[in-house]
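Have the sequence and the coordinates open as you read.

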Amino acid sequence: MTRPAIESSEEAADVGLIEEVPLTVGGGGLRAWFSQHGTISYLIRRLVLYLFTMWAAFSATFFFFRLIPGNPIAHYIANLPVTTTAGKKLLSHYDHAFDLDGNAFQQYVAYMYQLVVKHDMGPSLIAYPTPSLVLVAHSILWTIGLLGTSALIAWILGIILGAFAGWRRNSPVSRVLTYCALATSNLPFFFVAIVLLFIFAFDLNWLPLTYAYGPGMQLELSLPFILSLLNHALIPGGALVLVSMFTNFLTMRQQMITVLGEDYMTFASAKGLRPWHVLRRYGMPNCYLPQITGLVINLGFVFSGNIILEQIFIYPGVGHLLGEALRAQDYNTLMAITDVIIFMVLSAVFLIDMALPLLDPRIRHNR
């Protein structure tokens, strides 16, 4: 009679142990809080990775330029008609102004302090005493206006044409567009720009050769200046649109062909929906995510400019400024350009990391 009681008590104890296990495993503390708040944990992890990557990239940039042999200040002063004593005084003064005095660690500390606390990277050697970040800011406006706008137009055209070519992949128009895309997408921007330059500027004399606006014109918000600005941007911007559009076209076409084989597309067509409605509401939204990722990353790289393209047209963008800074060994301007490019690219990737979970619920925040 006592045996069943003992067994029942043991079973009760076992049940009690089993019920208490989740409480002890779940535990408490910071790790348990993060496991319960997946969205906040995801945001914090991405933010920490973003800041750490930016610090590491900025540090690598600093030490890379400091490894370049020679002193740009000494090289500049050597070409001035000054005495030896005056040259030494000038060298000491400008070494301090450009934070080139002291050892590498002291220069690094001064560089990070100016960058983080003062948001300054020192004066520019090619436009002394103008701050290097001011020069970069002025150049970036031109780069955004030309390359940023061209990249956005190319993305929109590539998405639309690529979706149509994938949807009607056996039509003659789709085949012609695909052949043109395969022949054009791998061409460099500057090669296409040179071809357009010879045709429309040299042979036909329809468009201007170089610079961003006509000679003698002032920077002002007026119709003649805007028309001159657009006229000078047609060849370099057109080359970028032509190549980038067909690159986006090929990726969008391939994704659309893949989506056409999904069950939900077959089900939408079986319901009797119009083909263009199926394309617009079911096909294209499922191809957007990789395209949006590519657009944001490309816009981040646009801030670096196309160096060769801007050098060919003497366009006052970041690429042209980078060439001038390299010729003058202007460390501050070179680091300012590089750091701004790094900041833009990393920020674009960070924004994508934040936006993709909102655009696609299949992406888990806690993974």
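A patch, as the word is used here, is made of residues with over 30% relative accessible area and no salt bridge, and nonpolar side chains are joined into one within 5 Å. Keep in mind throughout that this is a predicted model.

**The surface patch**

With that definition in hand, look at Leu187, Phe190, Phe191, Val195, Ile199, Leu204, Trp206, Ile307 and Ile308: together they make a nonpolar patch on the surface, with about 770 Å² of accessible area. Two elements, helix H9 (189-203) and helix H14 (307-312), each give two or more residues to the patch. H9 has the largest share, with four residues.

One patch member, Trp206, sits in the loop between H9 and helix H10 (223-260). Tryptophan 206 is exposed, because its relative accessible area is 58% and the cut-off is over 50%. Asparagine 205 is placed in the loop between H9 and H10 too. Its phi is near 55°, a positive value in a residue other than glycine, and asparagine 205 counts as exposed at 61% relative accessibility.

Glutamine 311 belongs to helix H14 and is partly exposed, at 29% relative accessibility. Leaving out residues up to four places away in sequence, glutamine 311 touches Gly319, His320, Gly323 and Arg327. From C-alpha to C-alpha, glutamine 311 and leucine 321 are 9.2 Å apart in space, and ten residues apart in sequence.

In the loop between H14 and H15 you will find isoleucine 314. Here phi is near 50°, again a positive value in a residue other than glycine, and isoleucine 314 is partly exposed, with a relative accessible area of 39%.

Which residues does serine 139 contact, leaving aside its neighbours within four places in sequence? They are Pro316, Gly317, Val318 and Leu321. Serine 139 itself is part of helix H7 and is buried, at 9% relative accessibility.

**The nonpolar cores**

The largest nonpolar core has 29 residues, and Phe58, Tyr111, Met121, Val136, Met335 and Ile337 have the most contacts inside it. At least two residues of this core come from each of helix H3 (38-66), helix H6 (104-118), helix H7 (132-167), helix H15 (318-328) and helix H16 (331-359). H16 gives the most, with eleven residues. Apart from this core lies another, of 20 residues, including Leu146, Leu147, Ala193 and Leu207.

Beyond its neighbours within four places in sequence, methionine 335 is in contact with Thr61, Phe62, Phe65, Arg66, Tyr111 and Met121.

**Aromatic pairs**

A search of the whole structure finds ten aromatic pairs. Two of them are set out below.

| Pair | Geometry | Centre to centre | Angle between planes |
|---|---|---|---|
| Tyrosine 50 and phenylalanine 350 | stacked | 4.7 Å | 25° |
| Tryptophan 142 and tyrosine 315 | edge-to-face | 6.1 Å | 85° |

Tyrosine 50 lies in helix H3 and phenylalanine 350 in helix H16, so their pair ties together parts 300 residues apart in sequence. Tyrosine 50 is buried at 14% relative accessibility, and phenylalanine 350 is buried with a relative accessible area of 18%.

Tryptophan 142 is in helix H7 and tyrosine 315 in the loop between H14 and H15, so this pair ties together parts 173 residues apart in sequence. Tryptophan 142 counts as buried at 19% relative accessibility, because buried means under 20%. Tyrosine 315 is buried as well, with a relative accessible area of 4%.

Methods. Residues numbered from 1 in each chain as written. Predicted model: local features only at pLDDT ≥ 70, side-chain atom pairs only at ≥ 80, totals over all residues. Heavy atoms only, no water. Core = buried A, V, L, I, M, F, W, Y, C linked by side-chain atoms within 4.5 Å. Buried < 20%, exposed > 50% of the residue type's maximum accessible area, 1.4 Å probe, protein only. Contact = heavy atoms within 4.5 Å. Patch = residues over 30% accessible without salt bridge, like charges linked within 9 Å, V, L, I, M, F, W, Y side chains within 5 Å. Areas by Shrake-Rupley, 256 points an atom, 1.4 Å probe, with all protein chains shown as cover. Salt bridge = Lys/Arg side-chain N within 4 Å of Asp/Glu carboxyl O. Phe/Tyr/Trp six-rings, centres within 6.5 Å; stacked < 30°, edge-to-face > 60°.
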